[in-house]
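Student: Could you show me how to read the place where a ligand sits in a protein model?
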Amino acid sequence: MKTITDQIPFVDLVNQCDELATEVMPAIERVVRRAAFILGDEVQEFEDKFADYCDTDYCVGVANGTEAIHLALRAVGVGPGDEVVTAGNSFVATTYAISHTGAMPVLVDINETDHNINVDLIERAITTRTKAIVPVHLYGQPSNMDAIRRIADHHGLKIVEDACQAHGAECDGKRAGSFGDAGCFSFYPGKNLGAYGDGGAVVTNDPDVADRLRLLRNYGQRQKNVHSLLAFNSRLDTIQAAVLLVKLPYLDDWNNKRRKAADLYRQQLQNSDLVLPVENIGSRHVYHLFVVKHDQRDQLIEHLQKQQIFCGIHYPAPLHHAEPYSTIRTIPRDLPVCSQLANRIFSLPMFPGITEEQISRVCDALKSFDAPSNGLNVNGAAPKGSISIP
Ligand SMILES: Cc1ncc(COP(=O)(O)O)c(C=O)c1O
């Protein structure tokens with residue numbers, strides 16, 4: 001009889017937390033013993049190390065990834081009456097962050113290959129009100145930043161990267177987050193670099209942007225009770241910074257493990273009917289998510305679930321289908337690629353500690369999907385028996 005441990009979760013945080021406990025717990029204890037909970041030394045230390053990691057001059061820790069994008073947009077001058085161009089397939093936080101500045105998001109369709117913003121459509125979205133572009137490095141692969149930089153320079157626009165899924169990703173050797181006027185990260189626990197709660201950061205090479213961010217996250221004060229602008233309480237907790245300081249040195253190794261897992265998936269699924277993710281030339285994808293496509297997505301997910309294998313969907317609906325964005329401008333109208341992909345995409349289990357055996361089990365289960373047509377019964381694989389759990 002299979003036990004609960006035979007489950008293959010979509011993301012496994014428990015094992016990683018276990019492995020790091022002897023380092024993380026003392027780091028948390030040091031903060032607690034000093035009671036240095038707000039903007040303690042660890043915050044600055046982490047900011048310095050993460051700026052180095054991203055190859056940027058500055059990093060400002062904030063409360064979460066949504067706030068990173070929101071405050072970065074404000075810091076580069078986006079506000080009410082402006083328009084901000086972004087991709088139609090992202091987590092809703094991207095557009096919420098834009099809306100929180102008072103600006104209007106404008107959604108552009110994505111590439112069918114890497115699911116990032118289709119740069120050939122961006123200029124059609126630009127009006128006299130456009131102030132910035134927010135490329136989303138979706139699933140851990142950078143958008144086409146050369147093209148985006150050319151468009152932004154031509155039209156005098158700011159670039160704020162949503163790198164919330166792309167810690168350590170690169171394009172032509174340059175780190176995600178370092179291409180634009182600001183790069184925004186989430187340290188939500190399941191991210192490639194995750195805290196033990198919420199956390200976020202903005203990296204930038206612009207000292208004025210960094211300075212404004214420090215004011216925006218902390219009541220607009222350089223000095224206690226002196227408030228120079230209308231601002232927010234949106235700081236990275238010292239405890240989270242202490243956890244992130246322990247985890248940061250492991251990030252490259254974890255990303256390599258994700259890339260190895262992606263290779264194994266690719267090898268084992270290459271002859272199947274699944275459409276596998278594309279890695280662009282020059283890009284170093286860090287596989288926050290391993291997203292595949294299939295016409296019978298829902299049945300496949302159910303088939304895997306019966307075998308205790310759990311998947312995700314990123315995302316089940318394009319952003320203009322969310323109620324707050326029902327009247328949003330979309331380029332082209334209704335985002336045909338986003339809309340069509342939303343019904344076919346799903347994300348296979350992916351985390352640094354996933355084992356070869358687990359990957360083989362996922363692939364065997366996928367291949368045993370017994371669809372009457374368009375199925376995955378390649379190589380004559382027999383459908384696998386169902387697994388009973390106690
Ligand atoms: C692409 C993207 N943007 C923004 C966010 C928002 O980050 P957070 O959940 O830390 O606010 C996330 C993560 O959830 C994300 O995946």
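Tutor: Gladly! This is a predicted model, where local features need pLDDT of at least 70 and side-chain atom pairs count only at pLDDT 80 or more, while totals for chains, interfaces and linings use all residues. Residues are numbered from 1 along each chain as its sequence is written, and side-chain values use heavy atoms, with hydrogens and water left out.

Student: How many residues surround the ligand, and which are the closest?

Tutor: A residue is near a molecule if one of its heavy atoms lies within 4 Å of it. Here 15 residues surround the ligand, and G65, T66, D162, S186 and K191 are the closest. By class, six are nonpolar, seven polar and two charged; Ala, Val, Leu, Ile, Met, Phe, Trp, Tyr, Cys and Pro count as nonpolar, Asp, Glu, Lys and Arg as charged, and the others, Gly among them, as polar.

Student: Which polar side-chain atom lies 2.8 Å from a nitrogen atom of the ligand?

Tutor: Look for a polar contact, a pair of N or O atoms within 3.5 Å. The side chain of D162 supplies that polar atom, 2.8 Å from a ligand nitrogen. A polar side-chain atom of K191 lies 3.0 Å from an oxygen atom of the ligand, and a backbone N or O atom of G65 is 2.8 Å from a ligand oxygen.

Student: What share of the ligand does the protein bury?

Tutor: Accessible areas come from the Shrake-Rupley method with a 1.4 Å probe. Taken alone, the ligand exposes 380 Å², and the protein buries 92% of that.

Student: Which helix gives the most residues to the shell around the ligand?

Tutor: Helices are DSSP runs (H or I, at least four residues) and strands are E runs of at least two, numbered from the N terminus. α3 gives the most, with three residues. The elements that give two or more are α3 (65-75) and α4 (93-100).

Student: Where are the cis peptide bonds?

Tutor: Check the omega angle. The bond from H314 to Y315 is cis, with omega near 15°, and Y315 lies in the loop between α10 (297-306) and β14 (329-331). Another cis bond joins I331 and P332, with omega about -15°; P332 is in the loop between β14 and α11 (336-341).

Student: What is the phi of D172?

Tutor: Its phi is positive, about 50°, although D172 is not a glycine. You will find D172 in the loop between β6 (170-171) and β7 (174-175).

How values were computed:
A polar contact is a pair of N or O atoms within 3.5 Å; within protein, one must be able to donate a hydrogen and the other to accept it, and residues adjacent in sequence count only if both atoms are side-chain atoms.
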